[in-house]
Amino acid sequence: LDAHVYSKFRSNFPIFSLTEISPPTLNSPLWRNVLTATSGTIEDFNFMTLLRNDVKEMFWMTEESSSKVGLVPRSQFVMIELARCKEGYYDLGFRRVLRRFELKRAGDELRNCVSSSGGDGDDNGVPKVDETGWKALQRLRAWHVTKSDLIASGAGKAVRFACRKLANQSNDNGSSTLQKSCEELLTRWKHLIDLGTVAQSLLTSGGKDAQRQLLAMEHLYRHQTPSQNNTRNNNNNNDLSSSAVPYQTTTTISKLQITTFPAPSPHELQSFHRHGISILPHSLPPHLLGDVLTHANTSLLSLVQTLSTSHKLTLEDEFDFKEVRHRPGNRLDNRCGITAEDCPSLAEIIHHSSICNLVDGILGNSDKGKPRLLYAGVVHAFPSESQDQQTNTQVWHRDGPSLFENNTSHKTHCLNIFIPLVDVYAQTSGKQNGATEFVAGTHQDDGFEEYAPPILRAAEAQQTKATQTTGGTPAGVICPDLEVGDVLVFDIRLLHRGSANRTQKDRPMLYLTYCSGWF
């Protein structure tokens, strides 16, 4: 049903912006026809529902935020929110907003708990201490927070307010114990923020001792900060992380290689599930890839002509059609004509034993059938127009979220296979042509939530630089060179980004997206 609803939405609104929605765009004859057609498909399709206009803004249920939401039919809400989920709008940026929303809720509950009964919460009231205050404090302790989180959510002020209100109160109602716990939380937050500042300085300065010092600080951080997932599950005595697949952020590229043919060994499959990425060197015949390259270039020329004549667009314009999309980082994702029917050599690659055994080994079979191919396409990374290191480098992102909330160990349900049609260089000076950077282990939510934030913060400060070394980088970023014939496979949940193409030539990359039979 989700696929049907999403397809209906995008087939009728191929360039509808989901980031910030203007209410007038939701009231058109086309929308009315589409929504009427959902009768019988979406339950209660015409019930009115609140929709957030800005995907990055939370609704705080206040009079000031009323302009940030609109009242729309339920089927319209389902279509838009489903598209936002499928197209990656609920990425780390949204999670940061959601984290601050939850911090604000917990902080408000703590503040209300210690405020005077029926009063306005001034310092003359008598605090009420009950289970609500302890639960709010526990939720505040569960989150990995930054200084900006505490300021934006007001959680820091709420805890300081609780300390002031609870000071000098008798211990008969537990206020003294709660006040002490609030002070300990404030102290712990201060130390962790200072620790993050030192770690950022080390990451920026580098040096031979920087990696060792960062690992030591990371160890301290892990043991001083409770797991958010574990805290949520304590009420059920169910620690999901104990059964999770181990992960790590620093690994060598050689450890990611699959060299056993015709099928990956159990050890190599275990390595993939641990890291979320593997590389098969020299596994496809170059002559087949040469044929696909010729076909991809021909399709690109035909596409340019179609965009120009039918839509008055050029490759420099931003567009988003079902068959072709303009991607960040001066990239073009083209599926138009990239099919087994149009290119016999592509059909041979899809049915090649290296690809079939790899996909079957990772995704496996289920009672719903074998893994199936969802998409095939070619991503063209065009030359960068700027010499700035950050220009035309993509933002860090995942191609899809986890399926289950609070599940830190569910195995791969969907994967991408990258097959270079030309040699891809990551670090060779003068030849860097748009290699992809990955953070191993971030396909599992616990790895993502623990290791992604420092990398993203460094990227926001434009201080990150992926370097391929024998031991990986301190931040755990790997960026492999690939030759024609190599195959790179990764879980769609793995954090990654495309780097800029510093050469004067296009860098085409064939990709295949597979999913499990049950998905």
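Tutor: We begin with the salt bridge, which is a side-chain nitrogen of Lys or Arg within 4 Å of a carboxyl oxygen of Asp or Glu. This is a predicted model, in which local features need pLDDT of at least 70 and side-chain atom pairs count only at pLDDT 80 or more, while totals for chains, interfaces and linings use all residues. Residues are numbered from 1 along each chain as its sequence is written, and side-chain values use heavy atoms, with hydrogens and water left out.

Student: What makes D149 and R100 a salt bridge?

Tutor: The closest N and O atoms of D149 and R100 are 2.7 Å apart, and the limit is 4 Å; the pair therefore qualifies. D149 belongs to helix 6 (residues 147-153) and R100 to helix 4 (residues 92-114), 49 residues apart. Helices here are DSSP runs of H or I with at least four residues, strands are runs of E with at least two, and both are numbered from the N terminus.

Student: Why is D149 called buried?

Tutor: Buried means under 20% relative accessible area, exposed means over 50%, and partly exposed lies in between (1.4 Å probe, protein chains only). D149 has a relative accessible area of 0%, so the residue is buried.

Student: What makes R139 and E109 a salt bridge, and how do you know that the pair ties together separate parts of the sequence?

Tutor: The closest N and O atoms of R139 and E109 are 2.8 Å apart. R139 lies in helix 5 and E109 in helix 4, so the pair ties together parts that are 30 residues apart in sequence. R139, at 27% relative accessibility, is partly exposed, and E109, at 26%, is partly exposed as well.

Student: How many salt bridges does the rule give, and which residues are joined into one network?

Tutor: The count comes to 11 salt bridges.

Student: What makes a set of residues a nonpolar core?

Tutor: The set must consist of buried Ala, Val, Leu, Ile, Met, Phe, Trp, Tyr and Cys residues joined through side-chain atoms within 4.5 Å. The largest such core has 30 residues, and those with the most contacts inside it include I355, I417 and I419. Helix 14 gives the most to this core, with 5 residues. Among the residues that I419 touches are L284, L289, I349 and I355, a contact being heavy atoms within 4.5 Å. A second, separate core of 20 residues includes L103, L137, W143 and V145.

Student: What does the protein comprise as a whole?

Tutor: The secondary structure comes to 15 helices and 12 strands. Buried residues make up 47% of the 519 residues.

How values were computed:
Lists of a residue's contacts leave out its neighbours within four places in sequence.
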